Each structure stands twice: as structure tokens, then as C-alpha cells.
There are 2 protein chains.
Amino acid sequence: MSKSADRLRLDLLQGQRRLREQSSALIVVIGGVEGAGRHAVINTLTHLLDTRGLRVHAWTLDDAPGPDRPRFWRYWQALPSRGDGALFLNGWYAEPLTQALRGATPDLARETDFETLLRDDGALVLKFWLGVPLPQARRRIRQRLQQAQRPPLPSELAVLAAPDDAEACIDALTGIQGDWHFLDGCQPKDAATAALKVLRHAMEEHLAMDEHGAMDEHLADDGPKTRRARRHQSSTEARLAALPPPASTDKPALIAQLAELQTEFSKLLWAAQAAGRAGILVLEGWDAAGKGGVIRRVTGAVDARLFQVHPIAAPSDEERAHPWLWRFWRRLPRRGRMAIFDRSWYGRVLVERVEKLASRSQWQRAYDEIADFESQLTEEGVVLVKVWLHIQPQTQLERFQARAKTPHKHHKLTDEDWRNRERWDDYLAAAEDMFQHTDRPQAPWTLVAADDKRWARVQVLDALVQAYRRALS
Amino acid sequence: MSKSADRLRLDLLQGQRRLREQSSALIVVIGGVEGAGRHAVINTLTHLLDTRGLRVHAWTLDDAPGPDRPRFWRYWQALPSRGDGALFLNGWYAEPLTQALRGATPDLARETDFETLLRDDGALVLKFWLGVPLPQARRRIRQRLQQAQRPPLPSELAVLAAPDDAEACIDALTGIQGDWHFLDGCQPKDAATAALKVLRHAMEEHLAMDEHGAMDEHLADDGPKTRRARRHQSSTEARLAALPPPASTDKPALIAQLAELQTEFSKLLWAAQAAGRAGILVLEGWDAAGKGGVIRRVTGAVDARLFQVHPIAAPSDEERAHPWLWRFWRRLPRRGRMAIFDRSWYGRVLVERVEKLASRSQWQRAYDEIADFESQLTEEGVVLVKVWLHIQPQTQLERFQARAKTPHKHHKLTDEDWRNRERWDDYLAAAEDMFQHTDRPQAPWTLVAADDKRWARVQVLDALVQAYRRALS
């Protein structure tokens, strides 16, 4: 190895080590059509970099099953922990590239949002595009197929069969975002070396930024640095104060209504299963608002195969080492199934905000991140029902006292519950802000007066039945 | 609720809490054919138990995809953390039950082994069988289908179409193991109450055992308590001492050979992809034996989509909270893909034994647990290649010194490497025992003299090529 190559390698290894020390993920996309020489670049990178904690992710094989979940699910699953790295072969550009190869100009809003989120999380995201004229790519593919004596993959067929205007669409694809590093696919060796040098430079820049504190949000509560960090106005609305109390406390009538809705809901869930529609129920609300009781009524009449309940408590260390939404992505239901979140991603703008577990810019950014996340769900056809169970402070106090007195409810009352109660007003403000920023036509909030438990259960079942009916009609 | 029902509930909640405190998982199987009333029992259980940390797992829906991995993979994925609980609707008895419904008597060795492993890990495993005559099950299924206005599931069809002798086969299935609690499916309410009482009793017994220390292997190094814990004789063989040194150090010849094998291996991996065969390379050996270099040569010529490298270091907290093999199950490759384990499950009988991270009975048991695990892989058609890279102590010393001197290899040398070196003889004894107990015809060890790196790389590639050739012929 030449002296400058040695130096380069040493710098890269040092860069990796320092990224690890600073808990930054390294995320590299190697983009390009089949036959552009991406493998040569990847092999050079894995050869020279420290491969512990560096994974290569490649899909697009004919036998790779659809994720049965929103498109970005598999990319979220593949995200490295902070401090580790991942090389993506096209990654989330695989689908836009397929479109371009069919002669369509793709929209890259989702891709851009995803990268913004990763960068906001402190990751170094680096994108290389290996450009090669299509005729040359085709020659290489034919040669490769002949050598390996195998039929072409769908991604190879796409290049072989691409129309004349595909080249222009690929140019458009890589032109939209402006942060691609272009490599010459006709000279694979030079391309690999160029990529390494870009990587070294990017690492240095990233580390320098971090050292100057510009990236370090975990400590400082700094100002906005991306389009996401725009300040959201605090809410002046008071939707919870305006919520009418339970309209009925007629026990026999509510019990009958509940039973009817349960039967209806059970049928709808089977219909959703047959139609391959996933569903999500988000349950938020005050301590002792009756979430557990609601969940038992929702699931009580339903086949156990059709749903999964996810109580959301403190994240595990694996979850802490990923962007905060990762632990919700990994719990998304498959098509035809339902997930019930007993507390949810809204903890980011509720408890994490109030208890200062997230910095101001982190929880402010979360409103947009949640909007992106939920629109990925609803665009995929997920039936999304978000419920806030609301009770008056007095109701909560009575329920806490009842819990303290009832032996089999003892375990449900903790010191934390009393502490949270003292911060009622802070949580109220956070909740109002949350409704203002995350109540959208495709993902509306259902606010339920839960001072009467039976009334509340009927309301939640009713919201579910209506949402599923709409979705399946 | 009656007074005794209140008492029962309180006892169950206390039992759950104490199981959590003692880090025991609660694993309940509710078995029975479709129409036996399993859902009524599950609903009663989830209604009365604390559902935080208690998940219900049910498959057998028509749209549930095959796991594309060995059969038990999905059950491993679904295992609760220690201290949490899971209810399985048939669980790993789904497949044996399907067989019985076809009139065949299933063998339950795998199922028994799995439960032994869970119990050895401190779990309370409880199995209920809901018995109901097939004609009554059929009546219930028909009624249910009519109510829900849906076509029958495959599992329902199996009951509707079962031959006359199926009933006897089901009896045989539940008779083999002797640890089923039988419930009367004709009386679902009584069955549920009976299940709760059995659960209470089992919890008390389990907790009492634990308190008397009989279960507590994490602290004490107690004697064998299951068939797995039989003492394995220490090896008197010296396979490593008898290993001939590298037969050639002819650099140009080895380089040429390697290139040839790489080409061949790349073709074989594509063929395995087409045939849907998964592969696993396990790499063990001394520090500085050259594992990293081997991996780069194995992967260097191969399409990045076809494999994944898993460096095995300390487990995460999620991994620590599960039976020790869990972290390897979760990394198993899909059909048509390959996984390379840079260190592996053999750490249990190497580093964990030598450094006393596992108790004697734990690592002794591991020989059988590994045998079970690997035979599940090979029976599923996984191409399993296990390699030990062997070097002489002198070679290691030279390589350590070279690493200390070479700037870009600095990071590969840690204090731990020097410490491990001091325990060479302990590791040697552990390795010899490992070969003796885990070298089986279906999962043989390949011992490679790695004092010459090029020779070693050729040997590993050769072992892979041969194994894949055999598998695909």
C-alpha cells in the first residue's frame, strides 16, 4: 500500500473510532443502477474500514418479501445504533430508482424527511451516486449474467428494459436533493478511492461540528437548525376544558351498547384481516384515566390472533441507541393485524417534554416527525385511531385513593403517579399543544370524557368501529 | 366479584409481581383444537392478570407467512423477557396438533427440549389442554363461521375434515409429556377458573422453589437437575496439538487458489439463493488468528445482498433478559441468505466458561442446547460450517507486537487480548472439550492451522465450497 493510501486508511479508522466515541451513527448510501459498479465501492469500503459495527444492507433480490408494513419499515429496522455504521446499497432510493427506470420522475419528500431525521439524531449521512451510461450498465449486466449463469434479477431486468427517457429521470432523481456525491461508474477503482476521500472529509467536518457543540442537542437546548426545528406556537386553545362531561351514566344502557359495539368491532377486525388492512389504536391520557379497562373491553371480544398490546414504558438500551421513533417502528403491526399502544410516541411531547427528558428542539421537532410517521401509516392504509382519555383532577384523586384501598389495585399506584399529579398544569399545556400540532384530517384525535368509565369505553369502541367502517367501505 | 374470586385475583397479581422480582418468565400454553374454547380461557386470564408485560401470541392465521427460518424461530422471537409473561395459543404445539388432526402421532422431542431450556432458564412454563370431543368442536366452528360470516381458517378446516382416528392421535399427543393440565372444554367458564387456580398453585410452587435456592443457578453452581445437566466428561484428546501446521506457504500459489475458490463460492452462493438454502459460517479461534481477514476474503467476491456479518460481543440488556441462545436465534439468516458469525454461540463454552460468566451447570448444559439448536438448523437445510482458526502462542505474540507497531491496527489490540493470552491453557482445555462435545456428522468442526494467513483463508473458502457443493448436489 502506498504511503498516502496508508494515511487514508488510518484517517478513516480514526474517524470511525471518534464517531463511535461521540455516538454518531455513520450511514452511507451507495446508489446507482445495476451494473454501475456499486459492489466494487462497497467492497473497497468494507475492506478498509473497521467492520465491527458496520453492516451492509442490500435488498432488491427477487426473493425478498414485501415488508408487509409501510415502505420505510425495513430501513428503520436496519438503522445502526448510534456509534455504529451501515452501508446501504441504494437503500430507500431503490423504489424511486425503479420508478425512474420506468421513465417516471419520482418525488423524494419522504426520503429527504428520513435523512433529516437521521441527521437531527446526530448521524453522519453520506450519499454516493455511481453514474454510468445505461448502455454500459447493460453490457456489464449481460456479462455478469453470462459469467454466473443465472437469470437476471428484477432490478437487472429494469435496466435492460429501461425506456430512452430513463436516463433523464435518473438525472432528475439525483438532482432534486443536492447532497449526492457523484462518482464515475466507468472507473470503479477511482470511484472507490474518491468515495473514501469524501468519506474522510465528511467525517472530519462532522466531528468538528460536533466538537463545536453545534450538533450536541443532548446537552444544549440550541435553536433550530433544520426545517423541522421551526418553533411551534404554543396552543391557546383549551380543547380539554371545553370537552363536555359524559353524556350518560346509565349503567345498563351503556353495558348493552358496549356489548353491541364489541360484536360489531370483532366482525370488522375479521373483515380487516381478510382485506389485509392493519390498524393501530393509540391510547393516551391521564394516569388512572382507565386505559387498562378500555384495552380489556377492546380486546375482550376479539380473536387473540388479530391484535397485540404494546405497553410503552422506558426504552431499552437498544432502543435508546436509535432515533427515538425506532421503538415504535419495530412494533408496527403487519397487514391484517392490529396493534394497541398503551401510551405511545406521544410520550415524546408529553412526559419527555414535561420531565425534560427531551430538549426543547427535540420535542418541538417531534411534531413534524410524528406527522411524517403517521402519514406513512395512513398512506399505507393503516386504520389509525388516536384517543385521549380525559378525567378531571378530582376523578383522578378519587381513583388514586380507591387504588390505595383496594388490595388487587395496589400495584397500579406508584409514587410517580402522585408526582405526575403535581404537574397537572404542565401536562395539560403539553396535551393542548399536542392536539393543536398533531390533529390532522387523516389522523384525528378523539377526546373522550372518561370520568365515567363505562361511557368512556363505549366512546372508544365507537371511534374504532367508525374508523374501521370508513376504511373498509 | 365473590370473596374467593377477589382472593384468587389478588394472589395471581402478587404471584406475577413476585415472579417479576425474581426475574422468572411466565410462559403459559393454552392448547386445544379450534372450537375447544381457548379464547374464553385466554380472555379470562388477560382480564384478571396484570397485562403490562404479558403478551398474547397466536399464529395459525391463513395470512401468517412461513417464518422462512427454522420452525422454532418465531417462538424464540416471541419469548418474553425474564420477569415478563406470554400466553401462547397452542404455540409450538400448533404443528404437532395439525399432524394429529391428520391422523398421525407426532414426536415431541423438540417441544420437550424447548421447554426444558426455558425451565432451566428459570421460567415458569405451564401448559393447559382444553379437551373437547371433535363433534362438539365442529358444531362450535360452524356456529362461529355463521356468526362472523367468514370462510373457515385452515386450522378450522383441519378440525372439520379430521378423520375418525384423529381423536386418538390428539390423546397420544397430550399423553407423551405428562405435564399438561387438562381442562374441560365443554364447560369454558369452569375451565377458566380451574386454569387460574392451577396457575396460582404453580406460581406458589415456583416461587417457593426459587426461595429455597433450588432454581438459582445464577449464583450457586449447583448440581444437575434436568436431563440436560448431565456432566460432560472433560476431553482427554488434544486435537489442536495434533493439528498439522500449514502445508504450504507458497504465496503466489495460495493467492491463485484463493481467487479460484472465491469465484466458485460466489457461484455457489447464487445457486443457494436460487434454491432457497440458508448458510451459516461460524468463526471461532484465538485472538489475532485472522478472523477479520478471513471474513473479508469470504465476502470480498460475493454479492453484498447475499450475506450479513454478525460480530458477537457483549449482549445488550434485551438479550441478557432472555435465554442465552435468543440473541443467535434473532440473527438467523433467511432462506437463500448467509450469515457469518464473527464469534458465536460457542462463547458460552469458551469465554463464558473460562471467565466464569456462566456457572458450571450452565455451560455444561450448553453442549446439549447447542446440539439441539444446530440440529434444528441443519434439519431445515441450513448449510452450517464451523471453523476454528488455530495459531501457536508464538504466532499470536508476534501478531500482537505487529499490531502495537502498525498505526492502523492499533485499535485491534486491547488489554483484554493480553489478559486472555495469559489464560491460554484454560481456553485450550475449553476448546478441546468443545470439539469433543459439539463435533457431530451434521455439524462438524473444521480446524484450520492459521499461522500462515493465506493458507488459512484458502482452507476456510475450501470448507465453504465443499459444504455448499454437498448441500446443492
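Q: At what angle do helix H15 (residues 360-379) of chain A and helix H18 (residues 424-438) of chain A pack, and how far apart are their axes?
A: In this predicted model, the two helices pack at an angle of about 50°, with their axes 10 Å apart.

Q: Which residues of H15(A) and H18(A) meet?
A: From H15(A), Tyr367(A), Ile370(A) and Glu374(A) meet Asp433(A), Met434(A), His437(A) and Thr438(A) of H18(A). This contact comprises three nonpolar, two polar and two charged residues.

Q: What makes up the contact of H4(A) with H8(A): nonpolar, polar or charged residues?
A: Pro96(A), Leu97(A), Ala100(A) and Leu101(A) in H4(A) meet Ala166(A), Cys169(A), Ile170(A) and Leu173(A) in H8(A). The contact divides into eight nonpolar residues, no polar and no charged. The axes of helix H4 (residues 94-101) of chain A and helix H8 (residues 166-175) of chain A come within 8 Å and cross at roughly 145°.

Q: Which residues have the most contacts inside the largest nonpolar core?
A: They are Val33(A), Phe265(A), Leu281(A), Trp345(A), Trp388(A) and Leu389(A), in a core of 148 residues. Helix H19 (residues 453-472) of chain A gives the most to this core, with eleven residues. A second, separate core has 147 residues, including Leu97(B) and Met338(B).

Notes
Residues numbered from 1 in each chain as written. Chains lettered and ligands numbered in written order. Predicted model: local features only at pLDDT ≥ 70, side-chain atom pairs only at ≥ 80, totals over all residues. Heavy atoms only, no water. Axes fitted to C-alpha atoms, helices over the stretch in contact; angles between N-to-C directions. Helix = DSSP H or I, 4+ residues; strand = E, 2+ residues; numbered from the N terminus. Contact = heavy atoms within 4.5 Å. Nonpolar A, V, L, I, M, F, W, Y, C, P; charged D, E, K, R; others polar. Core = buried A, V, L, I, M, F, W, Y, C linked by side-chain atoms within 4.5 Å. Buried < 20%, exposed > 50% of the residue type's maximum accessible area, 1.4 Å probe, protein only.
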